[in-house]
Amino acid sequence: MLSTLALSFAVAFVATLLIVRSARLHSKLSADHDFSGPQKFHSRAVPRIGGLGIFLGVLAGTGLALYKLADGRALVGGLLLCAMPAFLIGLLEDATKRISPLWRMLALMAAALLGVFLLGARIDHTAIPGLDLIAATSVGGALLAIFVVAGVANSINIIDGFNGLASMCSIIMLSGVAAVALTVGDQLVAGCALMAAAATLGFFVWNYPAGLVFLGDGGAYFLGFLLAELSILLINRNPDVSPLFPLLLCAYPVIETVFSMYRRKVVRGRPVGMPDGVHLHSLVYRRLMRWAIGSQDARELTRRNSLTAPYLWVVCSASSIPAVIWWDDDAALGIALGVFALGYITMYWRIVRFRTPRWLVLRR
């Protein structure tokens with residue numbers, strides 16, 4: 001496992017470095033030149049195809065694992081194969097900026113459907129009253145899996161707003177999957193999760209804090225798919241793991257997504273797919289991260305950007321750590337999920353109302 005992780009990290013590290021170094025050659029296609037959007041906080045054109053480096057790292061690790069493994073090749077190779085539609089549609093969007101949200105969602109659903117057929121990644125129990133009746137049927141279990149995988153992949157893309165935010169949160173959550181998988185003796189799922197985390201770390205070095213490259217839709221969809229698919233496989237292969245474990249583990253991006261949909265449709269009366277600038281991470285940047293506010297200096301803007309993500313890493317850890325501690329306890333996981341959701345809403349409300357505790361505000 002160590003050699004696989006080292007290879008995944010090294011390939012992702014080098015591949016991402018090459019993307020950064022060759023930016024002038026492909027910046028017309030790969031770089032994000034739009035500085036005016038509600039979620040745009042960078043000060044110069046930056047390549048947004050960092051997901052390609054992560055993919056190549058996972059590809060290299062998968063190749064080595066297939067060479068070394070005696071058993072489990074179908075799961076390891078099948079997982080990468082199933083992830084291809086999610087990664088490719090995201091990479092295509094990164095290059096063209098013209099793929100509609102509908103087509104991207106359909107590609108994510110197609111990737112999840114491949115997981116159902118090739119890996120048997122259905123959700124057959126949920127520990128949620130009512131949903132278990134749907135999950136009890138093979139069609140219902142498949143539909144739930146498609147909904148969950150597409151939703152989680154999209155949620156990682158939604159929180160990808162600042163240097164190091166989505167990538168480190170993905171590392172935290174993938175590490176949580178690996179920790180529980182090792183606890184129950186599922187080395188295949190643990191190895192795949194750690195391999196994805198290692199490749200993401202190879203990208204993270206260049207993304208944080210300087211923001212030399214962005215994760216992009218391809219990277220966000222790819223990581224979100226792997227996170228969701230590995231969580232479903234962990235539950236299916238190990239009945240002792242509570243189905244609420246991945247829900248609490250991914251609570252930050254999932255609640256952010258659900259709350260964003262509610263805010264856009266119900267509160268503002270806008271389409272749920274229309275971007276806005278009032279995500280939690282955007283509010284943290286504007287109202288808590290007061291470092292060099294008003295400055296137009298690129299170096300100070302980059303530093304302010306990079307200082308934002310650690311706030312949200314703590315938020316992500318606040319759900320991931322309890323999930324790993326109580327991975328087999330439905331009641332404890334349900335209570336922790338409720339407490340986290342309440343804490344998220346309270347924090348959001350206080351920041352919006354300018355009632356944030358002063359000790360959370362960072363000034364020069």
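**Exercise 1. Describe how helix α5 packs against helix α10 in this predicted model.**

Solution. 
Step 1. Start with the sense of the crossing: α5 passes α10 in a right-handed way.
Step 2. Locate the helices and take the geometry. Helix α5 covers residues 101-119 and helix α10 covers residues 216-237; they pack at an angle of about 30°, and their axes are 11 Å apart.
Step 3. Classify the angle. Angles under 35 degrees count as roughly parallel, so α5 is roughly parallel to α10.
Step 4. List the contact. From α5 come Arg104, Leu108, Ala111, Ala112, Gly115 and Leu119, and from α10 come Asp217, Tyr221, Phe225, Glu229 and Leu233.
Step 5. Sort these residues by class. The contact of α5 with α10 has seven nonpolar, one polar and three charged residues.

**Exercise 2. Find how α7 and α10 are oriented to each other, and name the residues that meet.**

Solution. 
Step 1. Helix α7 spans residues 138-158. The axes of α7 and α10 come within 7 Å and cross at roughly 140°.
Step 2. Roughly antiparallel requires an angle over 145 degrees, and roughly perpendicular requires 65 to 115.
Step 3. The handedness of the α7 and α10 crossing is right-handed.
Step 4. On the α7 side, the residues are Ala145, Val148, Val149, Val152, Ala153, Asn154, Ile156 and Asn157. On the α10 side, they are Gly216, Asp217, Ala220, Tyr221, Gly224, Phe225, Leu227, Ala228, Glu229 and Ile232.
Step 5. The contact of α7 with α10 is made up of 12 nonpolar, four polar and two charged residues.

**Exercise 3. Which residues line the second largest cavity, and which helix supplies the largest share?**

Solution. 
Step 1. The count is two cavities of 30 Å³ or more. The second largest cavity holds about 40 Å³ of space.
Step 2. Its lining consists of Val58, Thr62, Val76, Leu79, Leu80, Met195 and Leu226.
Step 3. The largest share, three residues, comes from α4.
Step 4. By class, the lining has six nonpolar residues, one polar and no charged.

**Exercise 4. Where do Lys97 and Pro209 lie, and what is the backbone geometry at each?**

Solution. 
Step 1. Lys97 is not a glycine, yet its phi is positive, at about 60°. Lys97 sits in the loop between α4 and α5.
Step 2. The peptide bond from Tyr208 to Pro209 is cis, with omega near 5°. Pro209 is in the loop between α9 (187-207) and α10.

Methods:
Residues are numbered from 1 along each chain as its sequence is written. This is a predicted model: local features need pLDDT of at least 70, side-chain atom pairs count only at pLDDT 80 or more; totals for chains, interfaces and linings use all residues. Side-chain values use heavy atoms; hydrogens and water are left out. Axes are lines fitted to C-alpha atoms, for helices over the stretch in contact, and angles run from 0 to 180 degrees between N-to-C directions. Helices (H or I, at least four residues) and strands (E, at least two) are DSSP runs, numbered from the N terminus. A crossing is left-handed if the near helix is turned anticlockwise from the far one by less than a right angle, and right-handed if clockwise. Contact means heavy atoms within 4.5 Å. Ala, Val, Leu, Ile, Met, Phe, Trp, Tyr, Cys and Pro count as nonpolar, Asp, Glu, Lys and Arg as charged, and the others, Gly among them, as polar. On a 1 Å grid over the protein atoms alone, a cavity is a set of points where a 1.4 Å probe fits but cannot get out, and a pocket is an open set with protein on both sides within 12 Å along at least five of seven lines; lining residues have an atom within 4 Å of a point. Grid points are joined across faces, edges and corners, and a volume is the space filled by probe spheres set on the points.
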